Amino acid sequence: MEATIALRLPRDAASVPLIRQILEASLKTLGVVPQIRDDIELMLSEACSNVIRHAGPSDEYTVSAGVLDDLCTIKVIDTGRGFDPRSVGPAADTAEHGRGLQIMRALADDVRFTNRREQGAVVCLEKRLRFAPEAAARPLMNDRALAAHHPARTADDGV
């Protein structure tokens, strides 16, 4: 199963809850478990908030999110000046700002940053999905993804 959404959004704080709600509703409809949805929602919020705070001078940014079987890939693309993620040090635990990259790295299974010279940056976040047993997406997933959620039981399982 493959599902994709993409939105071009104004670089405005009001766009963050909008894209969060759209992605949350989509993942909930597919049957993704709440803990994974919460992680994705927080990662997405941090990536979008960073664009709004730091990606000037552009007026808009793009968010695309795709689900391919049990993998969610989110790309947040701005047209600002770009940045070097290695130059961003860890923020203090008590800091109100500056922890976005740390949060994304802690929650995502993979985080990649790509700078496009004079064309902004791309933040790519990947997260493995887990589905509820009654998930609407379950019948649409390929055998590999289903096996990852329900490995074959052995005699050692006590079953």
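Helices α2 and α3 (residues 100-107) pack with their axes 9 Å apart, at an angle of about 150 degrees. Axes here are lines fitted to C-alpha atoms, for helices over the stretch in contact, and angles run from 0 to 180 degrees between N-to-C directions. Helices (H or I, at least four residues) and strands (E, at least two) are DSSP runs, numbered from the N terminus. This is a predicted model, in which local features need pLDDT of at least 70 and side-chain atom pairs count only at pLDDT 80 or more, while totals for chains, interfaces and linings use all residues. Residues are numbered from 1 along each chain as its sequence is written, and side-chain values use heavy atoms, with hydrogens and water left out.

**How α2 meets α3**

- The crossing of α2 past α3 is left-handed, meaning that the near helix is turned anticlockwise from the far one by less than a right angle; clockwise would be right-handed.
- On the α2 side the contact (heavy atoms within 4.5 Å) is made by Asp39, Leu42, Met43, Glu46, Ala47 and Asn50, and on the α3 side by Gly100, Leu101, Ile103, Met104 and Leu107.
- By type, the residues of this contact of α2 with α3 are 7 nonpolar, 2 polar and 2 charged. Ala, Val, Leu, Ile, Met, Phe, Trp, Tyr, Cys and Pro count as nonpolar, Asp, Glu, Lys and Arg as charged, and the others, Gly among them, as polar.

**A closer look at Asp39**

- You will find Asp39 in helix α2 (residues 34-54).
- Asp39 counts as buried because its relative accessibility is 14%; buried means under 20% relative accessible area, exposed over 50%, and partly exposed in between (1.4 Å probe, protein chains only).
- Setting aside neighbours within four places in sequence, Asp39 is in contact with Leu107 and Lys127.

**How α1 meets α2**

- Helix α1 (residues 15-30) and α2 cross at roughly 155 degrees, and their axes come within 10 Å. That makes α1 roughly antiparallel to α2.
- The crossing of α1 past α2 is right-handed.
- From α1, Ser15, Val16, Ile19, Arg20, Leu23, Glu24, Leu27 and Lys28 meet Arg37, Ile40, Glu41, Leu44, Ser45, Cys48, Ser49 and Ile52 of α2.
- The contact of α1 with α2 divides into 8 nonpolar, 3 polar and 5 charged residues.

**The sheet**

- An open sheet is formed by 5 strands in the order β1-β2-β3-β5-β4, with antiparallel pairing; two strands pair if DSSP finds at least two bridges between them.
- Its edge strands are β1 (2-10) and β4 (110-116), each of which pairs on one side only.
- On average, and ignoring direction, neighbouring strands of this sheet are turned by 10 degrees against each other.
- Strand β2 (residues 60-68) pairs with β3 in the antiparallel sense over 8 bridges, and Tyr61 has Asp78 as its bridge partner in β3.
- Between β3 and strand β5 (residues 120-128), which run antiparallel, there are 7 bridges, and Thr73 stands opposite Glu126 in β5.
- Another 7 bridges join β4 to β5, also antiparallel, and here Phe113 stands opposite Val123 in β5.

**Helices over the sheet**

- Helix α2 lies across β2, β3 and β5, and runs at about 175 degrees to β5.
- Helix α3 lies across β4 and β5, and runs at about 135 degrees to β4.

- Ile77 is partly exposed, with a relative accessible area of 23%.
- Not counting residues up to four places away in sequence, Ile77 touches Tyr61, Thr62, Arg116, Ala121 and Val122.
- The C-alpha atoms of Ile77 and Cys48 are separated by 9.0 Å, although the two are 29 residues apart along the chain.

- Asp69 is found in the loop between β2 and β3, a hairpin with 2 residues between the strands.
- The phi of Asp69 is near 55 degrees, a positive value in a residue other than glycine. Most residues other than glycine have a negative phi.
- With 5% relative accessibility, Asp69 counts as buried.

Definitions and conventions
Parallel < 35°, antiparallel > 145°, perpendicular 65-115°, else oblique.
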